[in-house]
There are 2 protein chains.
Amino acid sequence: MEVLRVSLRRRIELDVEEYIRDKTVLIDKALDAFLPGEDEFPQTLHKAMRYSVFTGGKRLRPIMVMAAADAIGNESADVTGVACAVELIHTYSLIHDDLPAMDNDDLRRGKPTCHKAFGEATAILAGDALLTLAFDMIACKTSGRSFHKIMSIKELTRAAGSFGMVGGQVVDIESEGRDITFPVLEFIHIHKTGLLIRAAVRCGAIISGADGKELEALTKYGDAVGLAFQIADDILDVEGVTKLMGKNIGGDARKGKATYPAIIGMKDSRKRAEELAEKGVSALEVFDGKAEPLKEIARYIVKRKR
Amino acid sequence: MEVLRVSLRRRIELDVEEYIRDKTVLIDKALDAFLPGEDEFPQTLHKAMRYSVFTGGKRLRPIMVMAAADAIGNESADVTGVACAVELIHTYSLIHDDLPAMDNDDLRRGKPTCHKAFGEATAILAGDALLTLAFDMIACKTSGRSFHKIMSIKELTRAAGSFGMVGGQVVDIESEGRDITFPVLEFIHIHKTGLLIRAAVRCGAIISGADGKELEALTKYGDAVGLAFQIADDILDVEGVTKLMGKNIGGDARKGKATYPAIIGMKDSRKRAEELAEKGVSALEVFDGKAEPLKEIARYIVKRKR
């Protein structure tokens with residue numbers, strides 16, 4: 001019985017990894033097709049944009065756009081454009097977060113950060129251009145009704161703007177080196193990371209023509225899994241291996257940044273991440289087998305080693 | 001006869017100034033209503049955003065959105081949202097251009113630049129949030145068909161992105177202190193300034209349901225006037241009065257930035273600006289009296305003292 005469970009578990013894990021690999025190939029191909037070529041003028045800018053987009057990112061956000069679309073199962077919908085848009089917003093935020101005026105990081109995914117490789121001015125502008133291009137991709141590279149595109153743009157602007165990701169980054173910077181309370185920590189995590197993941201899931205569903213009930217379920221999933229993802233990241237930051245994470249591990253603690261393990265301990269952090277992942281899975285009860293990828297992604301997210 | 005011509009001229013000038021004043025009031029009111037309040041969390045970020053938006057900008061770009069809409073004359077269209085979006089994109093670009101890593105300017109419109117007042121990190125993030133909010137305003141604060149909103153978003157992403165404004169800024173920075181040719185100077189001006197003005201005019205028309213012929217005429221107008229505007233700015237930079245411009249005059253020359261007067265001389269620069277303004281006016285022949293504001297704005301732009 002135990003053997004069976006282990007082998008079943010292994011089979012499912014293998015499936016989600018295969019699913020992620022397949023989608024990653026699709027997304028990388030689309031990003032390569034949609035991004036301006038390195039030989040297009042001004043070349044420095046386009047090189048910097050591509051450098052940061054193709055630095056071995058996990059592509060988990062665009063994969064979640066696609067997995068949400070798969071859950072809705074509308075064969076005629078193509079969410080590749082909106083999936084790429086989400087990845088560009090994520091990439092721009094990393095470039096700007098790494099800047100000397102912000103987190104001042106030299107390494108990202110094992111390679112020099114954008115400003116280290118191309119200089120500060122180009123890095124700021126590459127981030128600006130990627131954020132701008134994200135909305136272009138929804139307008140021009142996403143299939144479907146204009147109304148659904150406008151709804152997706154609304155989702156992403158709210159998730160990425162001053163009440164979302166940018167707001168979270170401001171609070172994160174203002175909190176550095178200070179004792180912060182648990183609610184502030186959770187605010188930072190939800191805003192810096194959670195809302196964009198929630199928006200990714202919702203956009204995939206909206207472009208696929210999800211109904212209200214489906215969207216509600218996916219929103220609950222996105223909220224839970226978005227936070228679980230960031231807690232898992234905090235855990236990896238503490239215990240990860242430099243080689244696997246490709247950035248300076250323990251960097252959060254060194255910078256005086258609050259993390260889940262620092263505030264509630266490693267054991268409770270792990271428990272909270274797993275509970276949230278399962279909460280996300282439970283929210284998907286309204287779907288049939290088509291939501292399996294999303295469910296497995298939730299479990300994968302809290303178990304990953306990078 | 002001469003007396004009559006002078007008094008007629010004065011009357012028209014008075015009209016365009018009144019038109020600009022009226023529209024400025026509308027735009028300022030809308031921006032105030034659409035932007036998050038200073039008391040909304042995170043307050044520092046929202047204060048920085050409002051600080052830069054309300055620093056006495058001329059609002060010429062949003063006014064041109066409105067004047068283009070007036071030329072189409074669709075009573076049911078409300079372009080206020082897209083007008084504000086264009087102003088936010090302009091404002092974000094000023095904040096980022098002023099940063100130490102870029103033009104390193106301390107003054108803008110007679111007040112400390114955003115990073116001088118709020119610090120570099122907040123300034124970068126305020127710019128990011130304003131760019132993001134611009135697309136939100138088209139999605140949520142603009143009336144009209146979703147298809148027209150998507151078309152407007154496409155216009156603005158192309159005008160503002162790596163093949164537009166951001167691309168122009170990269171070339172501008174790379175050209176500092178170097179001898180540049182006239183074609184490179186014109187590339188910088190068209191990309192840093194011209195394309196957003198062209199997009200402003202086009203968006204006002206698109207949201208108002210312009211037909212192909214109208215859009216073509218307005219595009220010609222936007223191309224000519226966009227470049228005329230920047231040449232006029234170059235002239236003002238050389239001869240302007242600090243008090244009126246509110247920034248360090250002659251700054252372009254000091255930074256080794258190429259300008260029209262530096263390359264083709266003051267007299268020819270003036271001539272070129274006036275020719276372009278008249279070219280813009282001529283492009284509007286297809287319209288009846290409803291394009292008068294646009295025509296007068298073109299003339300006003302090359303004559304203004306700030």
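Residues are numbered from 1 along each chain as its sequence is written, and chains are lettered from A in the order in which they are written. In this predicted model, local features need pLDDT of at least 70 and side-chain atom pairs count only at pLDDT 80 or more, while totals for chains, interfaces and linings use all residues.

Me: What average pLDDT does chain A have?
Reply: pLDDT is the predictor's confidence in each residue, from 0 to 100. In chain A, 90% of the residues score at least 70. The average for chain A is 91.

Me: Over which residues of chain A is the pLDDT below 50?
Reply: Where pLDDT is low, the predicted coordinates should not be read in detail. The stretch in question has one contact in the model beyond near neighbours in sequence. Two residues are in contact if their C-beta atoms, placed from the backbone, lie within 7 Å. The stretch is residues 10-14 of chain A.

Me: How many helices are there in chain A?
Reply: Helices (H or I, at least four residues) and strands (E, at least two) are DSSP runs, numbered from the N terminus. Chain A has two strands. Its helices number 15.

Me: How are the two copies related?
Reply: Copies are superposed by least squares on the C-alpha atoms of residues with pLDDT of at least 70 in both. A rotation of 180° with 0.0 Å of shift along its axis places chain A on chain B, at an RMSD of 0.0 Å. The two copies are therefore related as by a two-fold rotation axis.

Me: In chain A, which residue has the C-alpha nearest the axis?
Reply: The axis is that of the 180° rotation that superposes chain A on chain B. The nearest C-alpha in chain A is 2.7 Å from it. That C-alpha belongs to Ser146(A).

Me: How many residues of α4(A) are buried?
Reply: A residue is buried if 20 or more other C-beta atoms lie within 10 Å of its own, exposed if 12 or fewer, and partly exposed in between; C-beta atoms are placed from the backbone. Helix α4 of chain A spans residues 80-98. It is largely enclosed by the rest of the structure, because its buried residues number 18 of the 19.

Me: Which peptide bond of chain A is cis, with omega about -5°?
Reply: Most peptide bonds are trans. The bond joins Phe41(A) and Pro42(A).

Me: Is Arg109(A) exposed, partly exposed or buried?
Reply: Arg109(A) is found in the loop between β1 (107-108) and β2 (111-112) of chain A. Its phi is positive, near 50°. Arg109(A) has 15 C-beta neighbours inside 10 Å, so it counts as partly exposed.

Methods:
The expected span of a helix is 1.5 Å times one less than its number of residues.
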